[in-house]
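Good morning, and thank you for coming. Please keep the display in view as I speak.

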Amino acid sequence: MSARSNIVCYYDVVSPYSYYGVKLLNRYKPQWKDVDVELRPVFLAGVLSGSKNQAPANVAAKGAYMFKDLGRLSTASGIPMNFPSNFPTMTVPALRLLVVIQKTESVATYEQCVEKLLEAYWVEDKDVSQQEILINALAPIIGADKASKYMQQTSDKEIKQQLIDNTNEAIEAGAFGAPTFVIKKAGSDKPHLFFGSDRFEVITSFLGLPYEGLATKTSPAKL
Ligand SMILES: N[C@@H](CCC(=O)N[C@@H](CS)C(=O)NCC(=O)O)C(=O)O
């Protein structure tokens, strides 16, 4: 049991709402005191099948709606998004790479790498299924040598297992999609699950934290 509240955000790079979830979390986080936040990579396809759910894009009407909703969310939040030309793509190499980085680098560096790979896919339309593209994207943050070394480590049994464990942990917590937030209030071990990048108003009310809405004072939407 911790004296601080705790938020674990389960995300996949393939998930556009995970992109918004992580961006918004990073935007709000500096205003939140006494809260620990962790970004934990999961394989969304595994979460969907493990919870007997299916991807929204598999339902034609949901897929069409989602496409419009993502554009509106970009306008409302001031967070840029360009729908990638190869959607969905295989993100397991990217997720395993982030598992290695989370185990090896500082929290700040890991979080920068998460944001960078999400942006590579959701803003720059890079094919993040390709090892070379992942290494080049992370080189400015951790250096090309380390990025290549970490990429080699993605074939380690322990790293593959960690991604499976993260995914199973999310399913066991009740996740059925991404982003999923599992939250424990300060002084309690009881987990509470919230689904979606649109739940911050409810999450902050639940934890008694400040929340300024999608377009904060500092977001481009209000400039
Ligand atoms: N309303 C949510 C939608 C999140 C969402 O649709 N996530 C997709 C992955 S990008 C998913 O896992 N969907 C499962 C479902 O809708 O059941 C939000 O704004 O974040």
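Predicted model: local features only at pLDDT ≥ 70, side-chain atom pairs only at ≥ 80, totals over all residues.

The count of salt bridges here comes to twelve.

The side chains of Asp34 and Arg4 form a salt bridge, at 3.7 Å from N to O. Asp34 sits in the loop between helix 1 (16-28) and strand 2 (35-41), and Arg4 in the segment before strand 1 (5-11), so this pair ties together parts that are 30 residues apart in sequence. Arg4 has a relative accessibility of 32% and therefore counts as partly exposed. The pair also belongs to a network: salt bridges link Arg4, Asp34 and Asp36.

Next, please look at Glu38. Its salt bridge is with Arg40, and the closest N and O atoms are 2.7 Å apart. Are the two partners buried or exposed? Glu38 has a relative accessible area of 26%, so this residue is partly exposed. Arg40, by contrast, is at 17% and is buried, because the cut-off for buried is under 20% relative accessible area.

A further pair is Glu158 and Lys103, whose closest N and O atoms are 3.8 Å apart in a salt bridge. Glu158 belongs to helix 8 (residues 157-173) and Lys103 to helix 4 (residues 92-104); the two are 55 residues apart, and the pair links distant parts of the chain. Glu158 is exposed, with 52% relative accessible area, whereas Lys103, at 45%, counts as partly exposed.

I turn now to a position that carries an annotation. Which residue does the UniProt annotation "active site" cover? According to that record, which is an unreviewed entry, the residue is Ser15. Ser15 is found in the loop between strand 1 and helix 1. With a relative accessibility of 3%, Ser15 counts as buried. Leaving aside residues up to four places away in sequence, Ser15 touches Leu44, Trp122, Ala178 and Pro179.

Let us move to the surface. Phe176, Leu193 and Phe195 make up a nonpolar patch there, and together they have about 220 Å² of accessible area. Of these, Leu193 is placed in strand 4 (residues 191-195). Leu193 has 31% relative accessibility and so counts as partly exposed.

Finally, I come to strands 1 and 2. How do these two strands run, and how many bridges join them? They run parallel, and seven bridges join strand 1 to strand 2. Ser5 has Val35 as its bridge partner in strand 2, while Tyr11 stands opposite Pro41 in strand 2. Both strands are mostly covered: in strand 1, six of the seven residues are buried, and in strand 2, five of the seven are. As a general point, side chains in a regular strand alternate between the two faces of the sheet.

Strands 1 and 2 themselves are joined in parallel. Thank you for your attention.

Conventions: Residues numbered from 1 in each chain as written. Heavy atoms only, no water. Salt bridge = Lys/Arg side-chain N within 4 Å of Asp/Glu carboxyl O. Helix = DSSP H or I, 4+ residues; strand = E, 2+ residues; numbered from the N terminus. Buried < 20%, exposed > 50% of the residue type's maximum accessible area, 1.4 Å probe, protein only. UniProt positions renumbered as here; feature names shortened; annotations may be inferred. Contact = heavy atoms within 4.5 Å. Patch = residues over 30% accessible without salt bridge, like charges linked within 9 Å, V, L, I, M, F, W, Y side chains within 5 Å. Areas by Shrake-Rupley, 256 points an atom, 1.4 Å probe, with all protein chains shown as cover. Pairing = 2+ DSSP bridges.
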